[in-house]
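Please look through the structure shown here with this briefing beside it, taking one topic at a time.

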Amino acid sequence: MRLSDLMKATNNFSKDNIIGSGGTGTMYRAVLGGGTSLMVKRLQDTQHSEKEFVSEMATLGNVKHRNLVPLLGFCMAKKERLLVYKHMPNGTLHDQLHLVNEGGESLEWPMRLKIGIGAAKAFAWLHHNCNPRIIHRNISSKCILLDVDFEPKISDFGLARLMNPVDTHLSTFVNGEFGDLGYVAPEYMRTLVATPKGDVYSFGVVLLELVTGERPTHVAKAPESFKGSLVEWITQLSSSSKLEDAIDNSLAGKGYDGELFQFLKVACRCVLPAHKERPTMFEVYQLLRAIGEQYNFTTFDEILMPSNSGDADYMEELIVAREVKENH
C-alpha cells in the first residue's frame, strides 16, 4: 500500500484517529476511499534494515489464527514503517470493561467468558503450536481487540523485535515501560527476561479484570486506605477467605456464581508469585474451556497437546511484543 493512501485514510495521522499508542508505535483508525475501515500501526523508529523488515513481515504474515488480528499488509517509505490490520469495530477489551458510559450496559458474563476463552486459545496457540513459538511479553486488556461479534483478537504479537532486536527486554525495562501497569510478573523485576509464565501472569490479570470489573492498578471497590494493585487486593481477600467479594456486582446473583468463582480461582492460579506454580497457557485454556463447556463457544479446536512436557519457562524468545497504551 502507498504511504499517500494511508496518510489520507488516517487524515494525516490525526490525533482524532488514534486507537491507542505504546512502545511499538501508534495504532490509527483508517478509512479508505471506498469506505473500507482498517487499522494502521505507525511504528516508532525501527532498528531494522528494509530487507530485515520485509523478512520479519513475511514471518508475521504467516502467523494466522482466528483469534489473532489479521495483518493485511505493510508499507515502507523512507523511515516510515506502517502495518495494516483488519479493523476491529468493538475496540479494546479495556475500553469495553472500564469505559462504560454513564447508563451504558456492561458486558454480560457469558460474553466475558467467551472473550476469556478465545484469548486463552490464541495465547496457548502462540506459546505451544505456532512456528516460531511466540511469547507476547506485554499482554493486557488493551492488546485484546473485539470484532463485530465480540470475538477476541490479539494484537501486537511479534512487534518488539522490530523496535530493538538486541536486548529488547532490558531496554524497555530501563526506559520505564514496565512496572506501572499492574500486569508485570514479579520475577521480571529480578530477571528482566520474558518467559511464557510471565505471559501467564499478565493474562491472569486480564482474567481478574473480566471477573471483577476492576482496573489492574486501581481497585474502586477496595477501602479508601487500600493503595495496592488488583493482584494485591485479590491476594488479601483470598487470605481472609473473602474471595467472592471480588466478583463484579453487575454479574453476581444472576445464576452464574459457580462459574464466576471457578473463573476467579483460575485467574488466582495465574498470578501466583512463584512462576513455577502457575499453569501453562495451554492448561489455562483447558481450565477456562471446561468452565464454558455448556455454552459451546469452541466449535473446533486447533490447539494440540504441547509436545514437550518439561518446564517451558526458558523457551527461546523468538518474537516478543509490546503493549498498547490507550490515549485517554
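A charge sits over a ring if NZ of Lys or CZ of Arg is within 6 Å of the ring centre and within 35 degrees of the ring normal. In this predicted model, the charged end of Arg42 sits over the ring of Phe13, at 4.1 Å from its centre, and Arg81 lies over the face of Phe53, 5.3 Å from the ring centre.

**Aromatic rings**
- The structure has 4 aromatic pairs, and one of them is edge-to-face, because the rings of Trp109 and Phe263 have centres 4.9 Å apart and planes at 90°.
- This pair links distant parts of the chain, since Trp109 belongs to helix H4 and Phe263 to helix H10, 154 residues apart, and both Trp109 and Phe263 are buried.

**Salt bridges**
- Among the 7 salt bridges of the structure is the one between Lys41 and Asp156, whose closest N and O atoms are 3.1 Å apart; Lys41, in strand E3, and Asp156, in the loop between strand E7 and helix H5, are 115 residues apart.
- Lys114 and Glu151 are joined by a salt bridge of 3.9 Å, N to O, and both are buried.
- Arg278 and Glu187 form a salt bridge of 2.8 Å, N to O, and these two residues are also buried.
- Shared partners join the salt bridges of Arg66, Lys114 and Glu151 into one network.

**A buried charge without a salt bridge**
- Glu259, in helix H10, is buried yet has no salt bridge, and Arg112, the nearest side chain of opposite charge, is 11 Å away.
- The residues that Glu259 touches include Trp109, Leu113 and Tyr295.

Technical notes: Residues numbered from 1 in each chain as written. Predicted model: local features only at pLDDT ≥ 70, side-chain atom pairs only at ≥ 80, totals over all residues. Heavy atoms only, no water. Phe/Tyr/Trp six-rings, centres within 6.5 Å; stacked < 30°, edge-to-face > 60°. Helix = DSSP H or I, 4+ residues; strand = E, 2+ residues; numbered from the N terminus. Buried < 20%, exposed > 50% of the residue type's maximum accessible area, 1.4 Å probe, protein only. Lys, Arg positive; Asp, Glu negative; His and termini not counted. Salt bridge = Lys/Arg side-chain N within 4 Å of Asp/Glu carboxyl O. Contact = heavy atoms within 4.5 Å. Lists of a residue's contacts leave out its neighbours within four places in sequence.
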